[in-house]
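Good morning, colleagues. Please look at the sequence and the structure now being shown, and I shall then take you through some of the packing.

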Amino acid sequence: IVDIYTDYGPFFPYNQYVALYKIMAEYSFLWKWFYEFGSTPLGLWLNENALELSCFEPFQDCLTRNPFDSSKNDKRADMVVSVHPLC
């Protein structure tokens with residue numbers, strides 16, 4: 001199993017989503033604020049552009065990497081399943 005953000009996220013906050021989700025689950029007002037902001041046109045635009053600029057290549061590596069190439073992360077996704085509403 002590959003968590004594409006944890007294993008291939010290039011930097012904070014992408015590679016720290018699990019820890020951030022735990023904090024937001026503990027403090028529900030944070031979850032509500034990020035959810036509501038993320039569903040606005042500005043939030044959607046920021047998310048799309050930030051992911052395109054910073055995560056596209058690392059995520060593409062995850063999906064196209066040679067599993068026998070030991071010089072990179074030894075995890076490779078065979079299938080991608082998303083349960084996130086923004087994906």
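Let me begin with a definition: two axes count as roughly perpendicular when the angle between them is 65 to 115 degrees. Please also keep in mind that this is a predicted model.

I turn to a pair of helices. Two packed helices are described by the angle between their axes and the distance between the axes. Here, the axes of helix H2, residues 17-26, and helix H3, residues 28-38, cross at roughly 115° and come within 4 Å. H2 and H3 are therefore roughly perpendicular to each other. Which residues make the contact? From H2 they are Tyr21, Ile23, Met24, Ala25 and Glu26, and from H3 they are Ser28, Leu30, Trp31 and Phe34. Sorted by class, the contact of H2 with H3 has seven nonpolar residues, one polar and one charged.

Next, the core. The largest nonpolar core consists of seven residues, namely Tyr5, Tyr8, Tyr14, Leu51, Cys55, Phe59 and Cys62. Two or more residues of this core are given by each of helix H1 (4-8) and helix H5 (56-64). Leucine 51, one of the core residues, touches Tyr5, Tyr14 and Phe56, not counting residues up to four places away in sequence.

I now come to the aromatic residues. How many aromatic pairs are there? The count comes to ten aromatic pairs. In one of them, the rings of tyrosine 5 and tyrosine 17 have centres 4.7 Å apart and planes at 50°, so the pair is tilted. Tyrosine 5 lies in helix H1 and tyrosine 17 in helix H2, so this pair ties together parts that are twelve residues apart in sequence.

Is tyrosine 5 buried or exposed? With a relative accessibility of 17%, tyrosine 5 counts as buried, because the cut-off for buried is under 20%. The ring of tyrosine 5 also pairs with that of phenylalanine 59: the centres are 5.1 Å apart and the planes are at 90°, so the pair is edge-to-face. This second pair links distant parts of the chain, with tyrosine 5 in helix H1 and phenylalanine 59 in helix H5, 54 residues apart. Phenylalanine 59 is likewise buried, at a relative accessible area of 15%.

Finally, one aromatic cluster is formed by Tyr5, Phe11, Tyr14, Tyr17, Tyr21, Trp31 and Phe59. Of these, Tyr5, Tyr14 and Phe59 also belong to the largest nonpolar core, while Tyr21 and Trp31 take part in the contact between H2 and H3. Thank you for your attention.

Note on methods
Residues numbered from 1 in each chain as written. Predicted model: local features only at pLDDT ≥ 70, side-chain atom pairs only at ≥ 80, totals over all residues. Heavy atoms only, no water. Core = buried A, V, L, I, M, F, W, Y, C linked by side-chain atoms within 4.5 Å. Buried < 20%, exposed > 50% of the residue type's maximum accessible area, 1.4 Å probe, protein only. Contact = heavy atoms within 4.5 Å. Axes fitted to C-alpha atoms, helices over the stretch in contact; angles between N-to-C directions. Parallel < 35°, antiparallel > 145°, perpendicular 65-115°, else oblique. Nonpolar A, V, L, I, M, F, W, Y, C, P; charged D, E, K, R; others polar. Phe/Tyr/Trp six-rings, centres within 6.5 Å; stacked < 30°, edge-to-face > 60°.
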